[in-house]
Amino acid sequence: MQKLSLNQSLSQKLSPQQIQFIKLLQVPTAELDTRVEEELEINPALEEGREEEPVQEKEEFDDAEVSSTEDLNVEDYLGDDDYSGYKMQGDGNYSDEEDREMPVAMQASLNDQLEAQLGFIGLDERQETIAKQLIGSIETDGYIRRELDSIVNDLAFAQNIESDIEELEELLSQIQRFDPPGIAARSLQECLLIQLERKADDIEDDPSITTAIKILSFCFDEFTKKHYDKIIKKLNIENDDLLKEAVNAITKLNPKPGSISGGLVKTQYLIPDFLMTNNDGEFDLTLNSRNAPELRVSQSYSEMFSAYDKSDKKDKKLKETVSFVKQKLDAAKWFIDAIKQRQNTLLRTMESILKFQYEFFLEGDETKLRPMILKDIANEIQMDISTVSRVANSKSIQTDFGIFPLKYFFSEGISTVSGEDVSSREVKNVLAEMISKEDKKKPLSDDKLEKSLKARGYNIARRTVAKYREQLNIPVARLRKEL
């Protein structure tokens, strides 16, 4: 037997307006135009342009009442495709010239370039189909990572062609002679060897190239770990200069041959959300104008409610239509309010960051950055940490010293011998400077780097040194060793 009971509890839920604001807040400036255009398309009650006069506020009406009016026929309005302001293109002044895109110079992709070279090696129709399957398996960096036996299965199921690994190996070796050098390799070792063998064909009897081929063929693991002593012993290399020339020849090769192919590359531009200039110590902070689109509520939609309020309210169909208009009108107001709230939140957050990092913005010196975390800014502007995080993760500022992402200014603190807190970014700069000035024949280990930093007054543990070194993409001492 089922029992019914009542439970009373408190819960928090986000309103549709709050959800809309959160989504708008994390949108970067470069994508805000697209978001506004989407809203303009789906909501005819929202228009572009400055609002010249305040929209007349509508009075609440009884949903149970219906009306009809002779002043405004809503059905005719909704059915009138040529009504000014309703169409997506604008106020009836749409021109095809405005919608034309600038021509883009198209370039052949990597696959197109490789398939074009197939015509020069004299393959029959069956071999060409297999070769195109191999080319189609090449990834954007120029490697084939799919196993050949899997490609054999692909040919059998998709192309109805019976083949074997030996035939694929033969065709693959021909494709590996194509440009760019090193293409269609199955590993880094094979990629580098293909490039060296191409150079050996062009330059005969070059001892450095010959030695480099031997190093990659027989001592690849030792080379990747920079165990040069083992390479010298294994290959009986008596001349240190010869080893140095061979290593230099290898390091000049391209490990990603697909990256230099002529493909259509879309250039990404960084658009700052804030603009800041320094006028003799007085900072002028403004939002990028693209963050402040001029939007207004459609005047014609507001007039509908005025006409409806004066009507007899007996037509049920008219009541349903006006309910739809009311929904679009409210959504337009919500969107405009969310845009304004977004602007206010962005400015408050950036002004607080400017206050914390005032010394940095004066000179642009990275060592002037103070330790600052999200909680510091959240407490300052009395907002939630998640709100500050959304602003910091996707926004940037243009200063007199360049464009910086906002998350650049957030860092943890490290204590010094004097008891002061310094930014971890300052410690990273000192660490990078020490490594850049070290003796590359005897690079500094993490233990020695820890002792050197402590000698400069930074209380830091060895594991923290290792963490900062990895964040700087600096390898361990053994891999930094040079001849």
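Predicted model: local features only at pLDDT ≥ 70, side-chain atom pairs only at ≥ 80, totals over all residues.

Biologist: Okay, helices then. At what angle do α9 and α10 pack?

Modeller: Helix α9 covers residues 188–202 and helix α10 covers residues 207–218; they pack at about 160°, and their axes are 10 Å apart. Angles over 145 degrees count as roughly antiparallel, so that is the label for α9 and α10. The crossing of α9 past α10 is left-handed.

Biologist: And which residues in α9 and α10 meet?

Modeller: On the α9 side you'll find Gln189, Leu192, Leu193, Leu196, Glu197, Lys199 and Ala200, and they meet Ile209, Ala212, Ile213, Leu216 and Ser217 in α10. Sorted by class, this contact has 8 nonpolar, 2 polar and 2 charged residues.

Biologist: How do α10 and α13 pack?

Modeller: Here the angle is about 75° and the axes are 8 Å apart. Angles of 65 to 115 degrees count as roughly perpendicular, so α10 and α13 get that description. From α10, the residues are Pro207, Ser208, Ile209, Thr211, Ala212, Ile215 and Leu216; from α13, they are Leu242, Leu243, Glu245, Ala246, Ala249 and Ile250. The contact of α10 with α13 divides into 10 nonpolar, 2 polar and 1 charged.

Biologist: While we're there, is aspartate 241 buried or exposed?

Modeller: Aspartate 241 sits in helix α13, residues 240–251. Its relative accessibility is 52%, so it counts as exposed. Its C-alpha atom is 9.4 Å from that of serine 208, which is 33 residues away along the chain.

Biologist: Switching topic: how many aromatic pairs does a search of the whole structure find?

Modeller: The search finds 10 aromatic pairs. In one of them, phenylalanine 360 and phenylalanine 409 are edge-to-face, with 5.6 Å centre to centre and 65° between the planes.

Biologist: Which parts does that pair tie together?

Modeller: Phenylalanine 360 belongs to helix α16 (residues 358–363), while phenylalanine 409 is in the loop between β6 (402–405) and β7 (413–415), so the pair links parts 49 residues apart in sequence. Both phenylalanine 360 and phenylalanine 409 are buried.

Biologist: What about phenylalanine 404 and tyrosine 408?

Modeller: Their ring centres are 5.0 Å apart with the planes at 35°, so that pair is tilted. Phenylalanine 404 has 13% relative accessibility, so it counts as buried. Tyrosine 408 is at 16%, so it counts as buried too. These residues belong to one aromatic cluster made of Phe283, Tyr358, Phe360, Phe361, Phe404, Tyr408 and Phe409.

Biologist: Is glutamate 39 buried or exposed?

Modeller: Glutamate 39 is in helix α2, residues 29–42. Its relative accessible area is 5%, so glutamate 39 is buried. Apart from neighbours within four places in sequence, it is in contact with Gln20, Leu46 and Phe335.

Biologist: Now helix α21. Which of its residues are buried?

Modeller: In α21 (residues 462–471), the buried ones are Thr464, Val465, Ala466, Tyr468 and Arg469. Their cover includes β7, α19 (424–436) and α20 (446–455). Following α21 is asparagine 473, which has a positive phi near 60°.

Biologist: Last one: where is the cis peptide bond?

Modeller: It joins aspartate 179 and proline 180, with omega about 0°. Proline 180 is in the loop between α8 (165–175) and α9. Most peptide bonds are trans.

Methods:
Residues numbered from 1 in each chain as written. Heavy atoms only, no water. Axes fitted to C-alpha atoms, helices over the stretch in contact; angles between N-to-C directions. Helix = DSSP H or I, 4+ residues; strand = E, 2+ residues; numbered from the N terminus. Parallel < 35°, antiparallel > 145°, perpendicular 65-115°, else oblique. Left-handed = near helix turned anticlockwise from the far one by under 90°. Contact = heavy atoms within 4.5 Å. Nonpolar A, V, L, I, M, F, W, Y, C, P; charged D, E, K, R; others polar. Phe/Tyr/Trp six-rings, centres within 6.5 Å; stacked < 30°, edge-to-face > 60°. Buried < 20%, exposed > 50% of the residue type's maximum accessible area, 1.4 Å probe, protein only.
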